[in-house]
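Here is a short briefing on one protein chain. Look at the sequence and the model first, then read the points below.

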Amino acid sequence: MKTIHLALVSALALVVSVPAWAQDRGNMTGMSMSGADQAVKTGQGIGVVKAMDPAAHTLTLKHGPIPAIGWPAMTMTFKVDASASMSGLKVGQPVAFDVKAKGMSGEITALRPQS
């Protein structure tokens, strides 16, 4: 009986937490998940720094829609090109950025801190 109770509590916790997790990921309706849409596209976005890893040269941004590449607003981690300096950036700082995208992968090619 204790095992069944634990399993039910675990399942309920999962059901309750999934919508909260999915909500922060943005609406990905209309985004191609197939390998057929693998052309390199470029666009510009505006977002807020959520996390950064200078050693790995990655930046996690919560950004608005990027129509030029067909992306809705979402939070995602980007590789940052060596030519795009991350120095001086802080978590919580707004930034404008240029991105090169292929499928669901994006690389930031330019960063412009905003005030």
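In this predicted model, 5 strands close into a barrel. Their order around the barrel is β1-β2-β3-β5-β4, and the pairing is mixed. From one strand to the next, the twist averages 55°.

**Overall make-up**
- The protein has 1 helix and 5 strands.
- Along the sequence, these elements follow the pattern α-β-β-β-β-β.
- The protein has 115 residues, and 28% of them count as buried.

**Strand pairing**
- Strands of a sheet pair through backbone hydrogen bonds, and they can run parallel or antiparallel.
- β1 covers residues 40–53 and pairs with β2 in the antiparallel sense.
- That pairing of β1 with β2 runs over 6 bridges.
- Ala 51 stands opposite Thr 60, which belongs to β2.
- β2 also pairs with β3, again in the antiparallel sense and over 6 bridges.
- His 63 has Met 74 of β3 as its bridge partner.

**The turn between β1 and β2**
- β1 and β2 form a hairpin, with 4 residues between the two strands.
- Which residue in this turn has a positive phi? His 57 does, at about 55°.
- His 57 has this positive phi although it is not a glycine.
- His 57 sits in the loop between β1 and β2.
- Is His 57 buried, exposed or partly exposed? Its relative accessibility is 27%, so His 57 counts as partly exposed. The cut-offs are under 20% for buried and over 50% for exposed.

**The nonpolar core**
- In soluble globular proteins, nonpolar side chains tend to be buried together.
- The largest nonpolar core here has 19 residues.
- Those with the most contacts inside this core are Leu 59, Leu 61, Trp 71, Phe 78, Phe 97, Ile 108 and Leu 111.
- Which elements give two or more residues to the core? They are β2 (58–63), β3 (74–80), β4 (94–102) and β5 (105–113).
- Why is β2 described as largely enclosed by the rest of the structure? The reason is that 5 of the 6 residues of β2 are buried.

**The largest pocket**
- The largest pocket has a volume of about 160 Å³.
- β4 and β5 are the elements that give two or more residues to its lining.
- The lining is made up of Val 40, Lys 79, Lys 100, Ala 101, Lys 102, Ser 105, Gly 106 and Glu 107.
- Sorted by class, the lining of this pocket has 4 charged, 2 polar and 2 nonpolar residues.

**The end of the chain**
- Ser 115 lies in the segment after β5.
- Ser 115 has a relative accessible area of 98%, so this residue is exposed. The cut-off for exposed is over 50%.
- How far apart are Ser 115 and Gln 93 in sequence and in space? They are 22 residues apart in sequence, and their C-alpha atoms are 7.7 Å apart in space.

Definitions and conventions. Residues are numbered from 1 along each chain as its sequence is written. This is a predicted model: local features need pLDDT of at least 70, side-chain atom pairs count only at pLDDT 80 or more; totals for chains, interfaces and linings use all residues. Side-chain values use heavy atoms; hydrogens and water are left out. A nonpolar core is a set of buried Ala, Val, Leu, Ile, Met, Phe, Trp, Tyr and Cys residues joined through side-chain atoms within 4.5 Å. Buried means under 20% relative accessible area, exposed over 50%, partly exposed in between (1.4 Å probe, protein chains only). Two strands pair if DSSP finds at least two bridges between them. On a 1 Å grid over the protein atoms alone, a cavity is a set of points where a 1.4 Å probe fits but cannot get out, and a pocket is an open set with protein on both sides within 12 Å along at least five of seven lines; lining residues have an atom within 4 Å of a point. Grid points are joined across faces, edges and corners, and a volume is the space filled by probe spheres set on the points. Ala, Val, Leu, Ile, Met, Phe, Trp, Tyr, Cys and Pro count as nonpolar, Asp, Glu, Lys and Arg as charged, and the others, Gly among them, as polar. Axes are lines fitted to C-alpha atoms, for helices over the stretch in contact, and angles run from 0 to 180 degrees between N-to-C directions.
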